[in-house]
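Subject: Structure handover

Hello,

Here is the structure we discussed. Please load it before reading on; my notes follow.

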There are 2 protein chains.
Amino acid sequence: MAEQKKMVEAITPMDEDFAKWYTDIVKKAELMDYSSVRGCMVIEPYGYAIWENIQKDLDTRFKKTGHVNVYMPMLIPESLLQKEKDHVEGFAPEVAWVTQGGGEKLAERLCIRPTSEVLFCEHYQKVINSYRDLPKLYNQWCSVMRWEKTTRPFLRSSEFLWQEGHTMHETAEEAREETLRMLHVYADFYRESLAIPAVIGRKTEKEKFAGALETYTVEPMMHNGVALQGGTSHYFGDGFAKSFGITFTGRDNTLQHPHQTSWGVSTRMIGAIIMVHGDDNGLVLPPAIAPIQVAIVPVAQHKPGVLEKARELQAQLAETYRVKLDDSAQSPGWKFSQYEMLGVPLRLEIGPKDIEKNQCVLVRRDNREKIFVPLDRLSEAVAEGLQAVYDGMYAKALENLKAKTHYAHNHEEFLDIAKNKPGFINAMWCGDTACEEKLKEETGGVKSRCIPFEEEHISDVCVCCGKPAKHHVVWGRQY
Amino acid sequence: MAEQKKMVEAITPMDEDFAKWYTDIVKKAELMDYSSVRGCMVIEPYGYAIWENIQKDLDTRFKKTGHVNVYMPMLIPESLLQKEKDHVEGFAPEVAWVTQGGGEKLAERLCIRPTSEVLFCEHYQKVINSYRDLPKLYNQWCSVMRWEKTTRPFLRSSEFLWQEGHTMHETAEEAREETLRMLHVYADFYRESLAIPAVIGRKTEKEKFAGALETYTVEPMMHNGVALQGGTSHYFGDGFAKSFGITFTGRDNTLQHPHQTSWGVSTRMIGAIIMVHGDDNGLVLPPAIAPIQVAIVPVAQHKPGVLEKARELQAQLAETYRVKLDDSAQSPGWKFSQYEMLGVPLRLEIGPKDIEKNQCVLVRRDNREKIFVPLDRLSEAVAEGLQAVYDGMYAKALENLKAKTHYAHNHEEFLDIAKNKPGFINAMWCGDTACEEKLKEETGGVKSRCIPFEEEHISDVCVCCGKPAKHHVVWGRQY
């Protein structure tokens, strides 16, 4: 009991200190550990198991949309990085440089990839010759490195794991379609597998990816109202293709440049899961990516028949679900806290009295609802229970998103909301980067999240300068 | 037809130039491409699909034996690498050093991991406290970097993909058991999934891993008689644990050091698959890891009903197998060559005459045997066909291994075989490193592969110095 109390008490309540609550969960649930390499993390087994489930789910979605996986080198020669001007300006300041190899000083510096556009372009330049070679729909799962000044577990680290899709198309139209297709793959994944609603839309000029013509984004809101850039999809036009001399013979026999996209999501999604769904008892994991979907806790397990029955249920459920039976010597109360901490969607309790009644108890992680289940319909009840947990989690996240979404009709209102109400602010914008910069400065960090796909008419003029409005923008602070 | 001829003619026959035959296949089957980063490769979709199947298969075997996956940083501070003396001596000369990050010179150099023992030890030092925390059975899938002077696709590259298991145990006995368990997991995988027989055994002092007490190895023989170190498993004792201050409170309440293992296999396995099974028509892939297990080639596909039937068979087989229907405009002959080049285990031909007879033709890749199959037993026939391809491949590889395995009873015989007969040489050894070095020099590269688990008594004295023999050693050239 001492250990149980210690564990439960050790999480800082989220209302007291959200940042500390977050790192408490990360540490207590053993998702990651710090390392002696500044800004790099050790992803521990439970955290990595979440990532493996995310990978499997997304990889299936990528393959269904025709993509194949490849692997590119982790190093980029400086001269290659410099081939696209905007791109190198965006990334050069934050890369790590290899200058020595095999005991010798290198003739040219090599950076550890911060992203791999230039490597894909170098390869595509060699393998694309005809319109018959298009589209190229490549994806890569790997780690990348960006030399961040301040880091935070999963949300911002010098090294992180991600996937990066890089595609080449015959026409601009096809490339634009791909850009939006993959944005929707991300949005669907957030909604269907992570139970996370999000605002989706286009980034402003100021916020778009270095070298891209257009950047689209999935912007989920964390429980505290702060945004996380959850996934981005970029349309490049033929800019990189021109810089890298990538050409193909078109259907009309003319030499053309292909049109390019890239899109990526990373281990920061684990941070989103924690901050959207977690509570003061720990993680709350969406069933689709939970390493353990059902934790079986035997009650009075020393009594005859209890463990046998628990093992029988485990074997039955393990055919369909990821199940863990905890038959350790810890008390049931300790185990209850432990699997709540780990965010396991359903807890299954079974004791002598349940066995007498040929039933068990399912407890939902999201709302602690107890469901008494006749054993002969256990499989259906678990399916229903997991669906109910998903529904409950999504509804709660959507409610939070709605409750913390505000509208500002003028400058004063904008500053007032930014100061007093956490969350997103919907407000009109003239299209001028100067206004974005001014609002960010005035509010100490509120930036444009995106121009949402479904723009509303909130007012006639820009919320900052009062000039005629061009776009509805969703604004917010970000991780 | 021009294209077909060109493709087939372009592979150099293996008997003419084995090295060129190898790189021809690698390029023609589009497994990898070179990059502008010296010694680093682009793994193309078909090559990467083979790696994905290898990963899935091995990962299942690792999880069945109780292992979990984690992710460690890709960089190692110089001071951390230096903590274990033998280890740093082995690896420091071949690492790549990061000396600049985020525009600044770093206070300490960081190397890109050549292997991750020290990172795992740093983490284990923090998380291991009691015997209850043991064993730790961690594995990692990642890329590593070793600054190789001469490189060769898949076989030796500066960067390669691999898995590295790192485990910690309560007793030396448990750690030794783990070391051998994982060696056998590798040997089983080579035999069962890659259809590759291998010699397994212990490395001599000279050939073992930097910092290990014992190294065990799986040594398959390539078609030309040259060995490939196919996978290694290391027992470390508590040497690293002492260097890193890793201790735990034992069952007897004393402070103890845990006992350690590590084990790894890499993308060089793809090289082994090519060089063990390939022939002058291209790749021959073991069914378990072939990205396409059955290639359906319609004959006279413009005739009514042919494509419909081909699609019907595709849909039927796709429930169980990885199937590709090629309905492109290329000729059947071109397609036959293409899927032979790609090493697809079974080709399914279906044309108007087959449809009339309610049959199709299966052609084995390994021996081109044609099997006429009534359509109502297609699924069983494909299962049998894939098994027959596996059996044929394994038998052929075993035959090659046996045919190129020789016995040397004295020094003269050893030198004669080394000069005139490609393959492995079984011969006795006194245990002295000087004899290994002398034999290597005299033969221009024949090294000890391992002391096999099942030692034979070939002669009484060392094949080199004539002193009393201690061990039976398998010798051979290596990639």
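What rotation superposes chain B on chain A? A rotation of 180° does, with 0.0 Å of shift along its axis and an RMSD of 0.0 Å. Copies are superposed by least squares on the C-alpha atoms of residues with pLDDT of at least 70 in both. The two copies are therefore related as by a two-fold rotation axis. In chain B, the C-alpha nearest that axis belongs to B:Val98, 2.0 Å away from it. Both copies use the same surface: 100% of the contact residues of chain B recur in chain A. Contact means heavy atoms within 4.5 Å.

First, the ground rules. This is a predicted model, where local features need pLDDT of at least 70 and side-chain atom pairs count only at pLDDT 80 or more, while totals for chains, interfaces and linings use all residues. Residues are numbered from 1 along each chain as its sequence is written, chains are lettered from A and ligands numbered from 1 in the order in which they are written, and side-chain values use heavy atoms, with hydrogens and water left out.

Next, the annotation. An unreviewed UniProt entry places "domain: Aminoacyl-transfer RNA synthetases class-II family profile" at residues 45-286 of chain A. UniProt positions are in the numbering used here, feature names are shortened, and annotations may be inferred rather than shown by experiment. The span is 32% helix and 30% strand, and its end C-alpha atoms lie 18 Å apart. Helices (H or I, at least four residues) and strands (E, at least two) are DSSP runs, numbered from the N terminus.

Now the helix packing in chain A. H3(A), residues 45-64, packs on H9(A) at about 105°, with the axes 10 Å apart. Axes are lines fitted to C-alpha atoms, for helices over the stretch in contact; angles run from 0 to 180 degrees between N-to-C directions. H3(A) is therefore roughly perpendicular to H9(A) (65 to 115 degrees; under 35 is roughly parallel, over 145 roughly antiparallel, the rest oblique). A:Gly47, A:Ile50, A:Trp51, A:Ile54 and A:Leu58 of H3(A) meet A:Met269, A:Ile270 and A:Ile273 of H9(A).

H2(A), residues 18-28, also meets H9(A), residues 268-277: the axes come within 11 Å and cross at roughly 120°. This pair is therefore oblique. From H2(A), A:Phe18, A:Trp21, A:Tyr22, A:Ile25 and A:Val26 touch A:Gly271, A:Ile274 and A:Met275 in H9(A).

Chain B has its own packing of H3(B) and H9(B): the axes come within 10 Å and cross at roughly 105°.

Best regards
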